[in-house]
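My entries follow in the order I made them.

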Amino acid sequence: VYDIVGRLAGGKTVPAPILEIIAHQTDGVPLFVEELTRTILESDGLKEIGNGFELDGTLSDIAIPTTLHDSLTARLDRLGPSKEIAQIASCVGREFDHWLLPQICDIPVEKLDAALQTLVAADVVRRRGTPPKARYEFKHALVRDAAYDSLLKERSKPVHRRILSALENEPGTAQELLASHAEAAGLTAQAISLWSGAGKAALERPAYQEAQAHFRRALVLNAPALETGQTSAQETALDLYVQLSLALIPAKGVWSDDVVAALEKALALVDQIGEHPLKGDILYNLLLGTYFRGSLEISVARADELKGIARATDDIAQLLVAKRLAAIGRLNQGQFADAQPHLDEAEELCDDVADQDLAARFGHDPVVAVKVYQSLNASFRGQTHRAANYLHAAMT
């Protein structure tokens with residue numbers, strides 16, 4: 001504490017009572033020590049005499065902030081007109097580029113440059129490079145937060161809109177960055193779309209945890225409209241829950257509580273909206289979840305329901321998978337004879353989907369899987385020669 005105070009005081013002595021207050025008040029937190037020391041040194045309560053400072057009055061005459069936030073706020077207040085630039089820049093984030101500020105500030109470039117110089121000189125922000133290619137960073141995240149918190153929300157919304165507009169024209173801007181500014185600007189529908197897009201982009205990388213966070217954020221923003229029963233909000237939520245499940249499956253497994261919960265919510269939304277092309281895919285993943293959980297009767301019932309959907313939509317690939325899953329459920333219940341017709345029907349459909357990339361859609365090759373389970377069921381039924389032929393076909 002004393003080293004920091006001595007450095008900021010330029011090596012000059014500071015009255016002992018002031019040192020005690022700084023040490024006690026800041027609890028040794030370096031940023032708070034710096035801010036509180038600056039506040040006291042720049043106040044009218046001290047006067048510089050020779051190689052030190054002396055009290056100019058009593059301790060009670062000095063307005064000493066009691067918290068770090070109060071100290072940071074006091075520092076910002078002493079910046080004069082430059083405080084507004086700090087507030088606007090804080091809307092961008094902890095770091096901001098020189099080229100962006102003229103697009104979001106309604107002041108002449110000369111005054112803007114002067115204000116930035118003041119912020120640098122006051123050690124509120126630090127600069128790397130030279131304008132117009134300079135990049136600035138708030139000295140500490142808490143400094144940025146204090147500047148942002150001092151800006152009224154209604155005043156910050158137009159700033160975020162201008163930032164969004166400027167960044168949209170910059171190639172390669174991350175969608176999550178655009179989404180955060182759209183949300184802060186109160187552009188909820190646009191923010192939901194951008195968070196969803198950011199989630200899908202994260203899925204492709206793949207960055208599953210990021211994708212989960214983005215989809216959940218979009219769901220939170222969509223919730224008020226969903227509660228009113230708006231069809232558009234229901235369709236948005238349906239897509240988000242399906243995408244969320246895709247982000248959760250690799251990390252937690254299709255049988256996990258989180259995946260099943262997301263899919264159940266998606267299925268409930270399908271029932272509210274009416275028939276929907278995603279219903280089959282939702283049921284398929286729910287079916288897998290119940291199967292791996294050991295809920296065989298439920299998985300059989302869902303497989304039979306999935307067959308009906310596939311027939312209604314003329315989705316041959318999904319029908320093939322549904323028939324195989326219906327067979328697997330019965331096979332695992334020991335109903336080998338009942339499972340056989342479903343496997344045979346699935347096998348008859350294999351040629352119809354031979355040219356489709358089913359592995360990309362279902363996460364495995366359903367044609368190979370049919371042959372594997374044909375072999376398995378034949379083994380259980382004592383048909384060893386038939387089982388060997390199917391296994392060879394699957395290997396091939």
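I call a crossing left-handed if the near helix is turned anticlockwise from the far one by less than a right angle, and right-handed if clockwise. Helices (H or I, at least four residues) and strands (E, at least two) are DSSP runs, numbered from the N terminus. This is a predicted model, where local features need pLDDT of at least 70, side-chain atom pairs count only at pLDDT 80 or more, and totals for chains, interfaces and linings use all residues. Residues are numbered from 1 along each chain as its sequence is written, and side-chain values use heavy atoms, with hydrogens and water left out.

Entry on H15 and H17. I found that H15 passes H17 (residues 316-332) in a left-handed crossing. Their axes come within 12 Å and cross at roughly 20 degrees; axes are lines fitted to C-alpha atoms, for helices over the stretch in contact, and angles run from 0 to 180 degrees between N-to-C directions. That angle makes H15 roughly parallel to H17 (under 35 degrees is roughly parallel, over 145 roughly antiparallel, 65 to 115 roughly perpendicular, the rest oblique). In contact (heavy atoms within 4.5 Å) I listed residues including Tyr 284, Leu 288 and Tyr 291 of H15 and Val 321, Leu 325 and Ile 328 of H17.

Entry on H18 and H20. The axes of H18 (residues 336-348) and H20 (residues 366-380) come within 10 Å and cross at roughly 155 degrees, so I noted the two as roughly antiparallel. This crossing is left-handed. Among the residues making the contact are Phe 336, Leu 343 and Glu 347 of H18 and Val 370, Tyr 373 and Phe 380 of H20.

Entry on H13. I checked the length of H13 (residues 231-252): at 1.5 Å a residue its 22 residues should span 32 Å, and the end C-alpha atoms are 31 Å apart, which agrees. The expected span is 1.5 Å times one less than the number of residues. Buried residues (under 20% relative accessible area; exposed is over 50%, partly exposed in between; 1.4 Å probe, protein chains only) include Ala 237, Leu 240, Tyr 241, Leu 244 and Leu 248. The buried residues of H13 pack against H11, H12, H14 and H15. Gly 253 follows H13, with a positive phi near 95 degrees.

Entry on cysteines. How many disulfides does the whole structure hold? My search found zero, taking a disulfide as a pair of cysteine sulfur atoms within 2.5 Å. The sulfur of Cys 91 has its closest cysteine sulfur in Cys 105, at 9.4 Å, too far for a bond. Cys 91 counts as buried because its relative accessibility is 2%; Cys 105, at 6%, also counts as buried.
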